[in-house]
Amino acid sequence: MRALIQRVSEAKVTIDENIISEIKYGLLILICAVAEDNEKDAEQLASKISKIRIFNDDNGKMNKSILDIEGEALIVS
């Protein structure tokens with residue numbers, strides 16, 4: 001299982017000009033799963049992503065996770 005992660009101020013998924021899902025500040029996560037991946041793999045990846053400190057703190061340093069900022073995640077397979 002692989003993930004491509006991008007910080008976003010907003011993101012949305014549209015199909016035929018219809019918005020399927022959208023978020024404000026948070027993470028856009030593109031997931032690639034294969035037949036050999038299982039629920040445990042997904043849980044481990046989600047846990048790892050939730051702890052990555054890629055959001056700025058009050059001093060402008062990347063020192064906060066998506067949990068710390070109470071951000072949203074848009075996950076696209």
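User: What is the strand order of the open sheet, and what kind of pairing does it have?

Analyst: The open sheet has three strands in the order β1-β4-β7, and the pairing is mixed. Two strands count as paired if DSSP finds at least two bridges between them. Helices (H or I, at least four residues) and strands (E, at least two) are DSSP runs numbered from the N terminus.

User: Which strands stand at the edges?

Analyst: Strands β1 (2–8) and β7 (72–76) do; each has a single partner strand, so one side of each is left without a neighbour in the sheet. From one strand to the next the twist averages 20 degrees.

User: Before we go on, what sort of model is this?

Analyst: This is a predicted model, in which local features need pLDDT of at least 70 and side-chain atom pairs count only at pLDDT 80 or more, while totals for chains, interfaces and linings use all residues. Residues are numbered from 1 along each chain as its sequence is written, and side-chain values use heavy atoms, with hydrogens and water left out.

User: Back to the sheet. In which sense do β4 and β7 pair?

Analyst: Strand β4 (residues 26–32) pairs with β7 in the parallel sense, over five bridges. Within this pairing, G26 stands opposite E72 in β7.

User: Which helix packs on the sheet?

Analyst: Helix α1 (residues 39–51) packs on the sheet and touches β1 and β4; its direction makes about 30 degrees with that of β1. Contact means heavy atoms within 4.5 Å. Axes are lines fitted to C-alpha atoms, for helices over the stretch in contact, and angles between N-to-C directions run from 0 to 180 degrees.

User: What about β2 and β3, parallel or antiparallel?

Analyst: Strands β2 (residues 11–15) and β3 (residues 18–23) run antiparallel and are joined by five bridges.

User: Where is E70, and what is its phi?

Analyst: E70 is in the loop between α2 (66–69) and β7. Its phi is near 55 degrees, a positive value in a residue other than glycine. E70 is exposed, at a relative accessible area of 71%.

User: Changing topic: how many aromatic pairs does a search of the whole structure find?

Analyst: The search finds one. The rings of Y25 and F55 have centres 5.3 Å apart and planes at 65 degrees, so the pair is edge-to-face. Rings of Phe, Tyr and Trp (its six-membered ring) pair if their centres lie within 6.5 Å; planes under 30 degrees apart count as stacked, over 60 as edge-to-face and the rest as tilted.

User: Where do the two residues lie in the chain?

Analyst: Y25 lies in the loop between β3 and β4 and F55 in strand β5 (residues 55–56), so the pair ties together parts that are 30 residues apart in sequence.

User: Is each of them buried or exposed?

Analyst: Y25 counts as partly exposed, at 43% relative accessibility, and F55 counts as buried, at 0%.

User: Which residues make up the largest nonpolar core?

Analyst: The six residues are L27, I29, L45, I49, F55 and I66. A nonpolar core is a set of buried Ala, Val, Leu, Ile, Met, Phe, Trp, Tyr and Cys residues joined through side-chain atoms within 4.5 Å. A second, separate core has five residues, including V8, A11, L28 and L74.

User: What does I49 touch?

Analyst: Leaving aside neighbours within four places in sequence, I49 is in contact with A3, I5, L27 and I29.

User: And S50, what does that touch?

Analyst: Not counting residues up to four places away in sequence, S50 touches S65, I66 and L67. S50 is found in helix α1 and counts as buried, at 17% relative accessibility.

User: Finally, what is the overall make-up of the chain?

Analyst: The chain has two helices and seven strands, running β-β-β-β-α-β-β-α-β from the N terminus. Buried residues make up 19% of its 77 residues.

Terms used. Buried < 20%, exposed > 50% of the residue type's maximum accessible area, 1.4 Å probe, protein only.
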